[in-house]
Amino acid sequence: MDSSNKTSLVIVGATGLVGTELIRILDKTKYRITIVGRSREKLERTFPHGDGVEDYMTWDDFEKADAKNWHVILNLAGASVSGTPWTDAYKQTMIYSRLNATNMCVKKCGSSTQHKIRLINASAVSAYGFYTKPFHRFTEKDRDRRDTSSPPTFLQDLIDQWEEAAFKAEAFGSPVTVLRTGVVLDMKEAFFCHGYWKGFGSAKLFLDTCICY
Ligand SMILES: NC(=O)c1ccc[n+]([C@@H]2O[C@H](COP(=O)([O-])OP(=O)(O)OC[C@H]3O[C@@H](n4cnc5c(N)ncnc54)[C@H](OP(=O)(O)O)[C@@H]3O)[C@@H](O)[C@H]2O)c1
């Protein structure tokens, strides 16, 4: 396929658990991949052999870039919710890093005058209520089953703000998809084979679905 016919996919926060595996499996004949991160050195270190990545951008580059040829922005960026104690200061880092990254992605969606950029934004299963019985199968309605007698948990509050920020791209006509991922235990065993992704057959097929429909 000619490079100009490929879907131009800009992955923000690409150096993490999800991004690195996704980039490994994505069909490079279909996607022209650009990755964005806080450090060019880290981007190059994470993908030393290129792995089909065509361009590397720092956040500065991203902010200044012309988005006219971009088709999809996949935003995975955010300070990790595991591994660091949730002090008040770190909670602010978790929130700010996600809202800031999402706001910048939304701004890029708004800057494209030629065509609509699709935004696929990370989110998490905490958007749904907590289950009260084993093997409860969640649907979109479960969001309405949150315990309204108590305030939202920290993660629910974070996710509400995060998704609200992402859906602002709709004001520019951009289709928005939020990925309410469960806990990623292991890329081969948990993330791509079970649960959330199973109905789509594979993460690659899922991403194709998000991009194409
Ligand atoms: N892994 C899970 O179990 C899980 C479950 C549900 C939801 N999610 C969500 O899905 C997304 C991707 O998951 P992941 O496990 O791949 O995430 P991750 O590895 O923790 O982080 C993804 C990327 O975010 C960037 N990042 C880290 N701290 C940042 C900060 N303070 N400001 C801006 N960017 C920062 C980093 O990229 P650079 O260093 O290159 O900038 C990092 O590679 C995340 O937003 C996560 O919250 C993950």
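Which hand does the crossing of helix 4 and helix 5 have, left or right? I looked it up in this predicted model, and the crossing of these two helices is right-handed.

Next I checked the geometry of that pair. The axes of helix 4 (residues 88–111) and helix 5 (residues 154–167) come within 9 Å and cross at roughly 15°. Because of that angle, helix 4 is roughly parallel to helix 5.

Then I listed who meets whom. Helix 4 brings K91, M94, I95, R98, L99, T102, N103 and V106, while helix 5 answers with F154, L158, Q161, W162, A165 and A166. Sorted by class, I have nine nonpolar, three polar and two charged residues in this contact.

I found an open sheet of six strands in the order 3-2-1-4-5-6, with parallel pairing. Strand 3 (53–58) and strand 6 (176–181) stand at the edges with a single partner strand each, so one side of each has no neighbour in the sheet. From one strand to the next, the twist averages 20°.

Five of its six residues are buried, so strand 1 is largely enclosed by the rest of the structure. Six bridges join strand 1 to strand 2 (residues 31–37), and the two run parallel. In this pair, V12 stands opposite V36.

Strand 2 also pairs with strand 3, in the parallel sense over five bridges. There I noted I33 opposite V53.

Last entry: helix 4 packs on the sheet, touching strand 1, strand 4 (72–75) and strand 5 (118–124). The direction of helix 4 makes about 175° with that of strand 4.

Key. Residues numbered from 1 in each chain as written. Predicted model: local features only at pLDDT ≥ 70, side-chain atom pairs only at ≥ 80, totals over all residues. Axes fitted to C-alpha atoms, helices over the stretch in contact; angles between N-to-C directions. Helix = DSSP H or I, 4+ residues; strand = E, 2+ residues; numbered from the N terminus. Parallel < 35°, antiparallel > 145°, perpendicular 65-115°, else oblique. Left-handed = near helix turned anticlockwise from the far one by under 90°. Contact = placed C-beta atoms within 7 Å. Nonpolar A, V, L, I, M, F, W, Y, C, P; charged D, E, K, R; others polar. Buried ≥ 20, exposed ≤ 12 C-beta atoms within 10 Å, placed from the backbone. Pairing = 2+ DSSP bridges.
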